[in-house]
Amino acid sequence: VSLGASDPHDLASLALNALAEVNAQASVDIVLGKAGGNHAALRERAAALPFEVHLHVGIENMAGFLAATDLSIGAVGTTAWERCCLALPTIALITAENQVRAAEALESNGAVLIAGRHDDISASRLASAIAALVHDPNRLSSMSREAAMVCDGRGTSRVIDTIAHHYNE
């Protein structure tokens, strides 16, 4: 679960409630920014759950962390592109208005499943999205392939090539 540098809508708690509703039988990692969210309340909620939850605050290597993940619940900010580059299937939560178009484009490509917007998502709706994907390995595989096709991680090289080509004309 990764909701950006901050979690002003407390979607991490919502995600924990959804995971409890589907009776998650997995290890769950929640990644938070140092300034975001109510860490103490999340730790308390996590400790009360019947599955393993790890809170990670201010991690340095997000890509390395995501590479070891099977399914993500995440905001559609910068990390959305990292998840695509790593072919990570994602249940997307829209946490800001400027994420709507990107979320819709990623969903239309099959790279993510939008569970909802921060102002209208419920734990039950998120739980339904989780259950739908966890019980459909073919869809998870398809999402992984589609995500990898969205972003291949070679954008910096393309920018350099474009600049070099422009100056060599």
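Tutor: With one working term: two residues are in contact when they have heavy atoms within 4.5 Å of each other. This is a predicted model, so to speak of local features we need pLDDT of at least 70, and side-chain atom pairs count only at pLDDT 80 or more, while totals for chains, interfaces and linings use all residues. Residues are numbered from 1 along each chain as its sequence is written, and side-chain values use heavy atoms, with hydrogens and water left out.

Student: OK, T79 then. Setting aside neighbours within four places in sequence, what is T79 in contact with?

Tutor: S2, M62 and L66 are the contacts of T79 once those neighbours are left out. T79 sits in helix α4. Helices (H or I, at least four residues) and strands (E, at least two) are DSSP runs, numbered from the N terminus.

Student: Is T79 buried or exposed?

Tutor: Buried, because its relative accessibility is 15%. The cut-offs are under 20% relative accessible area for buried, over 50% for exposed, and partly exposed in between, using a 1.4 Å probe and protein chains only.

Student: What about T95, where is that?

Tutor: T95 is in the loop between β4 (90–94) and α5 (100–108). Its relative accessibility is 16%, so T95 counts as buried too. Beyond its sequence neighbours within four places, T95 touches H9, L11, A75 and H118.

Student: Switching to the core. Which residues have the most contacts inside the largest nonpolar core?

Tutor: V1, I30, V53, I73, I91, L93 and L126, in a core of 34 residues. Helix α1 (residues 11–21) gives the most to that core, with seven residues. Apart from it there is another core of 12 residues, including A92, I94, A103 and L106.

Student: What counts as a nonpolar core?

Tutor: A set of buried Ala, Val, Leu, Ile, Met, Phe, Trp, Tyr and Cys residues joined through side-chain atoms within 4.5 Å.

Student: Now helix packing. What angle do α1 and α6 make?

Tutor: About 60°, with the axes of α1 and α6 (residues 123–134) 8 Å apart. That makes α1 oblique to α6. Axes here are lines fitted to C-alpha atoms, for helices over the stretch in contact, and angles run from 0 to 180 degrees between N-to-C directions. Angles under 35 degrees count as roughly parallel, over 145 as roughly antiparallel, 65 to 115 as roughly perpendicular, and the rest as oblique.

Student: Who makes the contact between α1 and α6?

Tutor: From α1, L14, A15, N17, A18, L19 and E21; from α6, A123, S124, L126, A127 and I130. By class, that contact has eight nonpolar, two polar and one charged residues. Ala, Val, Leu, Ile, Met, Phe, Trp, Tyr, Cys and Pro count as nonpolar, Asp, Glu, Lys and Arg as charged, and the others, Gly among them, as polar.

Student: How do α1 and α2 pack?

Tutor: α1 and α2 (residues 39–47) pack at about 5°, with their axes 10 Å apart. That makes α1 roughly parallel to α2. A12, S13, L16, N17 and A20 of α1 meet L42, R45 and A46 of α2. This contact divides into five nonpolar, two polar and one charged residues.

Student: Backbone next. What is phi at D10?

Tutor: Positive, about 55°, although D10 is not a glycine. Most residues other than glycine have a negative phi. D10 is in the segment before α1, and its relative accessible area of 36% makes D10 partly exposed. A87 also has a positive phi, near 60°, and is a residue other than glycine. A87 lies in the loop between α4 (78–85) and β4.

Student: Last one: where is H54?

Tutor: H54 is in strand β2 (residues 53–57), and at 29% relative accessibility H54 counts as partly exposed. Leaving out neighbours within four places, H54 contacts S27, V28, D29 and I30. The C-alpha atoms of H54 and V28 are separated by 6.2 Å, although the two residues are 26 residues apart along the chain.
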